[in-house]
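Let's take a friendly walk through this structure together. Have a look at it first, and then we will go through its parts.

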Amino acid sequence: MAPEPRKCVRVLIVGGGYVGLYTALRLQRKLKAELRKGEAEIVVVSPDPYMTYQPFLPEAAAGAISPRHVIVPLRRVLEGCQVLVGEVASIDHAKRTATVSTLATEETGSRERLSYDELVLAPGSISRTLPIPGLAEHGIGFKTVEEAIGLRNHVIEQMDIASSTRDPAIREAALTFVFVGGGFAGVEALGELEDMARYAARYYHNVTPEDMKWILVEASDRILPEVGEEMGRYTVTELRRRNIDVRLHTRLESCADRIAVLSDGARFRTRTVVWTAGVKPHPVLAATDLPLNGRGRLRCTPQLSVDGVTHAWAAGDAAAVPDVTAEESGKETAPNAQHAVRQARVLGDNIVHALRDEPLETYAHKYVGSVASLGLHKGVAHVYGRKVKGYPAWFMHRVYHLSRVPTFNRKARVLAEWTLAGLFKREVVSLGSLEHPRAEFELAAGGKPSGDPKGSS
Ligand SMILES: Cc1cc2nc3c(=O)[nH]c(=O)nc-3n(C[C@H](O)[C@H](O)[C@H](O)COP(=O)(O)OP(=O)(O)OC[C@H]3O[C@@H](n4cnc5c(N)ncnc54)[C@H](O)[C@@H]3O)c2cc1C
């Protein structure tokens, strides 16, 4: 009698970010034998064929790291997995089916249906926006490598615009940069870009650092809560010392017609409004039959399975994971990379435990603090109760993230770039026209350029 065909367990991972990549890496290592024998299959669905190491985005915006070193190519590191570039549109977990749109299905208007046995839901978060007039038209986000590089080009381009006009209104709007939100992303992006623009000004005959206005708008009474109150206060002082206008207890009320109107009554002509005022769980979570909490995150157990459901797992920004190390009950782990990476490891292990009928592990990690860069040689840190500022904090930031960026290959490339940048001058040129590569040819061919080749917003 022929042997019964072995059942192949398909693990579907939605998202190729921190959680998606680290879970897949863990699974491909722990299920090596099963993958080889065809008893298991790991499918990673992600809109991009790469994972973005988000903590490096501010340095990419400043030009300290090239865009391709901020990302990790999924196909290259996940050789044991199948990578499907596409977006999960909905999930019917009761039927163990996900609906996926890919570049190919976009052309036909149809959608793929993908069945699975175990589901890992890790689509992360998206920017939390508000219905502020002008924000949708003029706001710039800061979550992707495209946005970081686009912002770099945009800032340099504003300096070029200011340098080439005698109109004071255009010049003022070009040289005023408004950042909304004083968390990691906003403070680091502003710190790095202001530093880069200050440096770039030396190559302009008519733009000085004093001509530029950098404004940080924060609704609460503090910035950078991740490094604690004292270091947050230090950061405000340090930014103000650099002539950056930090406005606490202030909100952006409008940015229509290129005028930023703040809740304290201030108005600024500006062509740059960067929105980094927090994140919210990815909307795809609402297109599933899985339980969400009041803030739209997936309700999870400390073992990282979705609460009350079998064969569904989640972690990272999308998941409400009970913080078992917290003194008060009901606390969830914060949406940050520190938890995402560690949760992914436990999650990967727990899937393997579940497949082997072994007991599950509990996720327990006490937040150890954070490091943040405020520009070249400037930083702030609060780690394991120790408060560090200035150059030592900046150095710690680099060492920490170098140790954390996935794969030896990336580490070596980033280190090489930092070393070269220390030996040579910074490159400060806008390549904004890269965003419209066909513009010149379209003009030559007699057509109308499809995009604004200046790429200004
Ligand atoms: C600029 C910036 C700096 C930061 N710096 C730090 C820092 O210094 N320290 C720190 O601890 N944290 C930092 N963070 C936060 C940290 O990056 C996030 O907490 C972390 O990325 C969360 O991991 P995740 O896997 O949940 O989500 P992500 O890493 O965002 O991954 C989600 C993935 O899911 C994909 N996806 C989305 N929708 C779908 C869909 N429908 N179908 C399939 N795939 C989908 C996305 O494309 C993405 O690849 C920073 C964030 C930003 C934006």
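Around the ligand there are 33 residues, and the closest are Gly15, Gly17, Gly124, Gly316 and Asn336. A residue counts as near a molecule if its C-beta atom, placed from the backbone, lies within 6 Å of it. Please keep in mind that this is a predicted model, where local features need pLDDT of at least 70, side-chain atom pairs count only at pLDDT 80 or more, and totals for chains, interfaces and linings use all residues. Residues are numbered from 1 along each chain as its sequence is written.

Which elements give two or more residues to this shell? They are α1, β2, β5 (82-92), α9 (184-200) and α11 (337-355). Helices (H or I, at least four residues) and strands (E, at least two) are DSSP runs, numbered from the N terminus. The shell has 18 nonpolar, 11 polar and 4 charged residues, with Gly counted among the polar ones. Domain 1 (9-126 + 280-355) and domain 2 (135-277 + 369-423) each supply at least three residues to the shell; these bounds come from an automatic or database domain assignment.

Now to the sheets. Two strands pair if DSSP finds at least two bridges between them.

| Sheet order | Strands | Pairing |
|---|---|---|
| β7-β6-β5-β2-β1-β8-β20 | 7 strands, open | mixed |

Strand β8 (residues 118-121) runs parallel to β20 and is joined to it by 3 bridges, and Leu119 stands opposite Ala312 in β20. Helix α1 (residues 18-30) lies across β1 (9-14), β2 (40-46) and β8, at about 165° to β2. Such angles run from 0 to 180 degrees between N-to-C directions, with axes fitted to C-alpha atoms, for helices over the stretch in contact; contact means C-beta atoms, placed from the backbone, within 7 Å.

Strands β11 (residues 176-180) and β12 (residues 213-217) run parallel, joined by 5 bridges, with Ile215 in β12 as the bridge partner of Val178.

Terms used:
Two residues are in contact if their C-beta atoms, placed from the backbone, lie within 7 Å.
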